[in-house]
Amino acid sequence: MDQTPQATVTASKRERPSPTGDHPVQEVEAAGSPGQRLDDEDYPAYSMGRAAEILGVTPAFLRSLGAAKLIEPLRSEGGHRRFSRYQLRLAARARELVDAGTQLEAACRIIILEDQLAEALRINEELRRRH
C-alpha cells in the first residue's frame, strides 16, 4: 500500500510523512524553548498512561494503533512511548470510528485518507495564494 507523504507525528506538519508509521522510531529531543514546545502539536509531551487517560482508551488500544501503523509514538531515552497532540487527535478519530462499528484496520485507512485529503487541500490553497 503506497502512501504519498502527508502528515506526521515527528516533524512540523508540513514536513510530515503519512501517519502510517513508515518512518523509524526516533528518540525524543528537547528542541526549542519550553514555550515553543507548548505550541508544537508534534512535540511528544504525553506518556502512554496520560494519553490513554485523555482519550478514555486503554494503553492496548494505543498500541493497536501503532500495530496498524496509524501512529508511531516517539520514544524517550528510556524507551517509553511519548505521544504528541497530533497523534492524540488521530487516535481520538480512530476511537470515534471504532465506537461507531468500523473495524480498526478500516478506521486507520479512513483516517490516513482524510489526512491526505486535508494536506492536498492545504497545498492547493497555498498554490492558489501564490498565483
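The following legends describe close-up views of a predicted model.

**Figure 1. Overall arrangement of the secondary structure.** The protein contains five helices and three strands. Read from the N terminus, these elements follow the order α-β-α-α-β-β-α-α. Of its 131 residues, 34% count as buried. Among contacts with a separation of 6 or more, 64% are made by residues 24 or more positions apart.

Figure 2. Helix α4 covers residues 85–99. An α-helix has 3.6 residues a turn, so residues three or four places apart point the same way. Just after α4, Gly101 adopts a positive phi of about 105°.

**Figure 3. Packing of helix α4 against helix α5.** Two packed helices are described by the angle between their axes and the distance between the axes. For α4 and α5 (residues 104–130), the angle is about 130° and the axes lie 9 Å apart. The two helices are therefore oblique to each other, and α4 passes α5 in a right-handed crossing. On the α4 side, the contact involves Tyr86, Leu90, Arg93, Ala94, Leu97 and Val98. On the α5 side, the partners are Leu104, Ala107, Ile110, Ile111, Glu114 and Asp115. By class, the residues of this contact comprise nine nonpolar, no polar and three charged.

**Figure 4. Packing of helix α2 against helix α4.** The axes of α2 and α4 come within 10 Å of each other and cross at roughly 45°. An angle under 35 degrees would count as roughly parallel and one of 65 to 115 as roughly perpendicular; α2 and α4 are therefore oblique to each other. The crossing of α2 with α4 is right-handed. Helix α2 contributes Ala51, Ile54 and Leu55 to the contact, while α4 contributes Leu88, Ala91, Ala92 and Arg95. The residues at this contact divide into six nonpolar, no polar and one charged.

Figure 5. Ala67 lies in helix α3. Its relative accessibility is 65%, and Ala67 therefore counts as exposed. Ala67 and Glu105 are separated by 38 residues in sequence, whereas their C-alpha atoms are 9.8 Å apart in space. Lys69 occupies the loop between α3 and β2 (74–75). Although Lys69 is not a glycine, this residue has a positive phi of about 65°. With a relative accessibility of 46%, Lys69 counts as partly exposed.

Definitions and conventions
Residues are numbered from 1 along each chain as its sequence is written. This is a predicted model: local features need pLDDT of at least 70, side-chain atom pairs count only at pLDDT 80 or more; totals for chains, interfaces and linings use all residues. Side-chain values use heavy atoms; hydrogens and water are left out. Axes are lines fitted to C-alpha atoms, for helices over the stretch in contact, and angles run from 0 to 180 degrees between N-to-C directions. Helices (H or I, at least four residues) and strands (E, at least two) are DSSP runs, numbered from the N terminus. Angles under 35 degrees count as roughly parallel, over 145 as roughly antiparallel, 65 to 115 as roughly perpendicular and the rest as oblique. A crossing is left-handed if the near helix is turned anticlockwise from the far one by less than a right angle, and right-handed if clockwise. Contact means heavy atoms within 4.5 Å. Ala, Val, Leu, Ile, Met, Phe, Trp, Tyr, Cys and Pro count as nonpolar, Asp, Glu, Lys and Arg as charged, and the others, Gly among them, as polar. Buried means under 20% relative accessible area, exposed over 50%, partly exposed in between (1.4 Å probe, protein chains only).
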